[in-house]
Amino acid sequence: MEYNLAKTYDPKAFEDRIYKAWEESGAFVAHRDPDKKPFTIVMPPPNITGQLHMGHALDQSLQDVLIRFKRMQGYSALWLPGSDHASIATEVKVVDKLMEEEGKTKEDIGREAFLERAWAWKKIYGGRINEQVRKLGNSCDWSRERFTMDEGCNRAVNEHFVRLYEKGLIYKGNRLINWCPTCGSALSDIEVEHVDKNGKYWYFRYPAEDGGEGIVVATSRPETMFGDTAVAVHPEDERYQHLIGKNVMLPLVGRKIPVIADLYPDPEKGTGAVKITPAHDPNDFEVGLRHGLEQIVCINEEAKMTAAAGAYEGLDRYACRKAWVKALTEGGYLVKEEDLVIPTGECYRCHDVIEPLISDQWFVSMKPLAEPAMEAARSGALKHVPDRFEKIYMHWLEEIKDWCISRQLWWGHRIPAYYCDDCGEVMVSATAPVACASCGSDKIRQDEDVLDTWFSSALWPFSTLGWPENTEDLRYFYPTNVLVTGYDIIFFWVARMVFAGLEETGKSPFEYVLVHGLVRDAQGRKMSKSLGNGVDPLDMIDRYGADALRFMLLSGITPGNDMRFQTERIESARNFANKLWNASRFVIMNLREDEAFLPIASEAEAMQALCPEDRWILSTVNDAVKDIGSNMEKFEFALAAQKINELIWNEYCDWYIELVKNRLYGDDAADKAVARYVLVRVLKDLLKLLHPFMPFITEEIWSFLPRPGDAKDFLMLENWPVAEEMDYRKDVAVLELAKEVIRSIRNIRAQADAQPSRKLSVVALTSGEEKERMQAGLSYTLALANLSDLTFIDDKSQIPEETMSAALPNIELFVPLDDLLDYRAEYDRLIKEKDRLEGEVERTEGKLSNDAFVTKAPERVIDAEREKLANAKDMLNKVNARIPVVKGKL
């Protein structure tokens, strides 16, 4: 059996072992305890196609630090994990695999066979990311793990759909949607990424029906001209008053289209006239509805031209664009063209350019759902951290449009709508009907489409707890407390969870939305495959340990802001872990003789026999417990981590352990027992404070410390430290001043390049309270500054000659040079410095005596050289004066 930590800190030796012990013991399992308050976080479910990346590492470290903190505070803390089925991403993976291995499309094998393969793919690869996140130390309740397409979540999705449909909040209709030709599916507005691209605007003349000049319009998409059904102008634009109500001719096509008056065109933009293509532009679609315009579809779902394009039918949209522009130019219709940067909508998955299309799709009517979600924020039932994100949330909800929720895919929640082939009845039901509700026919087929992935994700905070059943978990753990998320999915997910939660449960699904930024590379760029600048967290864990990665992330992030990944910072975090490891190893070594613990004073005995340094460290840690607890409650994890680092590295390791070493090595058995008590008590509190940030190393160290018989099995289940009433201000003042004095003397020693082993004598000019405190801490100063003596004076006339000094408030410290200097080394240094300065003087004088330099060089350059010469001569005089003094000391 090992009785102390390994000599070398090696996280690989214990991280996996500890995690396995936690999980197998049930330490992560949350219990419904009527005597405890619940604290719940639902993990944003990573895609089953995903692999752990640095964004996951940050997001989940933030959740784990919270859940471990609250668990130690005595809450029944549930962190519910799971994964998302990711409709488009997963379907693409399975389609690619099918083609690669079998040379078949999904249509070749049919829906059922394809879904069998998709579930098989999920079984093989779907759990990979959850195995990876265990490496981070996540204390999730894996017994409650969920999947967005498991039986319970599917039931919840169907129930939610039916309820919204019955309230008239879900409808099917022909509307303009975002269509991805590559994915072959509709996308909601927030699944479209807007990218600025270099492009062109072509200005074409649409001749008047009567042969007049007509009107000039600009377009970046001339291939859509085949779907034009009007040209719109502003009703107050005087340039076009004579054309309103008349017709112009679609160039080359020869079709008449009206000139209409509408507020949509901006007279200051372009020519002030806009071609209206209701079937291929969202703004034009709205104009078309207002004016009853025909919707002519000229581009199909494959991004190819339809019969409406005449001779161009079947051409790809871009091939058509090229040929059509050429034809219009040759026909004399092109007025001019401009190179411009054009905002372009792309699919968030495959990055193909989106094509707006008229399509028969399912929609959620959003305005009635958005208002309660806004009220939740206004009333404080929902709080954003930092609060600036509430404005973004509110703005999005205020401007919200109906949500297209149907996707032309096979993998996902199939829409629970059924059609009767005999009478056309549409039935929406959570369970499949056996007969038509209208005519009784059994010729019923289900809608082919699946629901947008975010439709099921919106239910995640309560569907995972058993809704629509009123389960015990739902009653106890819902609503949840905090939702941790990146700012990039506030619209995708957060807002939808809020309105779904309010609609189905009457409560906001969480009280706080903790928003974090992105982890960028060292240059501030977003990590991406194309740049090749991604950092694999699993590689970092392998090299430095999970604790170092977590601490680096948590100490470097502030709510709502991005952070930069720098290898130096993770190395620094590992050095911190190493420092704690070595200090703890020293403490444990002084606690035991083989298997037996050495005598440790009881609390009652120790508190009656504390030394000033004991009271100082106890008070310092006690104050830190208050501050760090406050930081944690306010989600200021970086501040908390920095304070813990300072407390452990500086106060405990560098100061307290050094202060008590003489006692540990002394002959006073009772005092040694008191020192051991304080060492252990403080180390335990420090491990508790650090545990949420660095769970593995703290748990490993904890296992070697003495514990009472009723102690918990693991540190992670221990109670968070609570600040006590403690008034050791006098001792704190003495020790803090002693530390400042010791630091000042060490600085003087370093400046003089005096060896740490060299004994020094120090003279202190001080009086009053500072003198009393310095005298009270004299033993610490003598020991840790390595002094032979420290003399107090109250008159400057008593200051020795030739000293180095340091100043503190109402204190001046003087160290004689005779104590500091190695005179032989100083003499050699002065001779070298004399030679260097003489060379500098000779060089500069030569330069300034050169007429060519003086006449040609700018005045400021000459002045700079003169200043260099004066400085060099001054320094040379001082060195020459110092050499005989030092020589006399040899």
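Are Asp671 and Arg663 buried or exposed? In this predicted model, Asp671 is buried, and Arg663 is buried as well. The side chains of these two residues meet in a salt bridge, with an N to O distance of 3.0 Å. The structure holds 72 salt bridges, whereas the count of disulfides comes to 0. The points below take up the cysteines and then selected charged pairs.

**Cysteines**

- A disulfide is a covalent bond between the sulfur atoms of two cysteines.
- The count for this structure is 0 disulfides, the criterion being a pair of cysteine sulfur atoms within 2.5 Å.
- For Cys140, the closest cysteine sulfur belongs to Cys153 and lies 16 Å away, which is too far for a bond.
- Cys140 counts as buried, because its relative accessibility is 0%.
- Cys350 likewise takes part in no disulfide; the nearest cysteine sulfur, in Cys180, is 3.4 Å away.
- With a relative accessibility of 30%, Cys350 counts as partly exposed.

**A salt bridge between separate elements**

- Glu802 and Arg882 form a salt bridge in which the closest N and O atoms are 3.4 Å apart.
- Glu802 is located in the loop between strand S29 (787–793) and strand S30 (803–808), while Arg882 belongs to helix H30 (residues 859–889), so the pair ties together parts that are 80 residues apart in sequence.
- Glu802 is partly exposed, its relative accessible area being 34%.

- Lys878 is paired with Asp874 in a salt bridge, and the closest N and O atoms are 3.5 Å apart.
- Both Lys878 and Asp874 lie in helix H30, at a separation of 4 residues, or about one turn of the helix.
- Lys878 counts as exposed because its relative accessibility is 55%, the cut-off for this class being over 50%.
- Asp874, at 38% relative accessibility, counts as partly exposed.

Key
Residues are numbered from 1 along each chain as its sequence is written. This is a predicted model: local features need pLDDT of at least 70, side-chain atom pairs count only at pLDDT 80 or more; totals for chains, interfaces and linings use all residues. Side-chain values use heavy atoms; hydrogens and water are left out. Buried means under 20% relative accessible area, exposed over 50%, partly exposed in between (1.4 Å probe, protein chains only). A salt bridge is a side-chain nitrogen of Lys or Arg within 4 Å of a carboxyl oxygen of Asp or Glu. Helices (H or I, at least four residues) and strands (E, at least two) are DSSP runs, numbered from the N terminus.
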